[in-house]
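Biologist: Hi! Could you walk me through this model when you have a moment?

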Amino acid sequence: QVQLVESGGGLVQAGGSLRLSCAASGRISSINTMTWYRQAPGKQRELVAAITSGGSTNYADSVKGRFTISRDDAENTVFLQMNSLKPEDTAVYYCNADATRFGRRSYYWGQGTQVTVSS
């Protein structure tokens, strides 16, 4: 099986920074797009940022200019650098990977990491 393990969440004051990591393990042939989502209490899960295997990126309007997504394909890891954090960024952040394993393409999810931004 493919496992995604997120880390880097925590409590930070408004204006601060955090760096999330998501490492994929398992017998993976390739990883296509890697995506960060978040879900705040009482709200639907939303896309935060995505990065393709070619390095193209896409961001939610609410995080543009503050968050940066990157990836290390040698380590099957995706990162989310979050700067100028706001209380409204408080949520559980989830990693998603579009990965190919034994010729089969599937989507995999991590368990989530809590980010709390205090005002």
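**Disulfide, sheet and core**

Modeller: Happy to! Cys22 and Cys95 form a disulfide, with sulfur atoms 2.1 Å apart; the term covers a pair of cysteine sulfur atoms within 2.5 Å. This is a predicted model, where local features need pLDDT of at least 70 and side-chain atom pairs count only at pLDDT 80 or more, while totals for chains, interfaces and linings use all residues. Residues are numbered from 1 along each chain as its sequence is written, and side-chain values use heavy atoms, leaving out hydrogens and water.

Biologist: Changing topic, what is the strand order in the open sheet?

Modeller: The order is E1-E3-E8-E7, with antiparallel pairing; two strands pair if DSSP finds at least two bridges between them. E1 (3-7) and E7 (67-72) each have a single partner strand, so one side of each is left without a neighbour in the sheet.

Biologist: How many bridges join E3 to E8?

Modeller: Six bridges join E3 (residues 18-25) to E8 (residues 77-82). Among them, Leu18 has Met82 as its bridge partner.

Biologist: Nice. Which residues touch the most other members of the largest nonpolar core?

Modeller: Trp36, Leu80, Met82 and Tyr93 do, in a core of 32 residues. A nonpolar core is a set of buried Ala, Val, Leu, Ile, Met, Phe, Trp, Tyr and Cys residues joined through side-chain atoms within 4.5 Å. The largest share of this core, five residues, comes from E9.

Biologist: What about an aromatic pair?

Modeller: There is one aromatic pair. Tyr37 and Trp109 form it, tilted, at 5.0 Å centre to centre and 50° between the planes. Rings of Phe, Tyr and Trp (its six-membered ring) pair if their centres lie within 6.5 Å, and planes under 30 degrees apart count as stacked, over 60 as edge-to-face and the rest as tilted. Tyr37 is partly exposed at 22%, and Trp109 is partly exposed at 41%.

How values were computed:
Helix = DSSP H or I, 4+ residues; strand = E, 2+ residues; numbered from the N terminus. Buried < 20%, exposed > 50% of the residue type's maximum accessible area, 1.4 Å probe, protein only.
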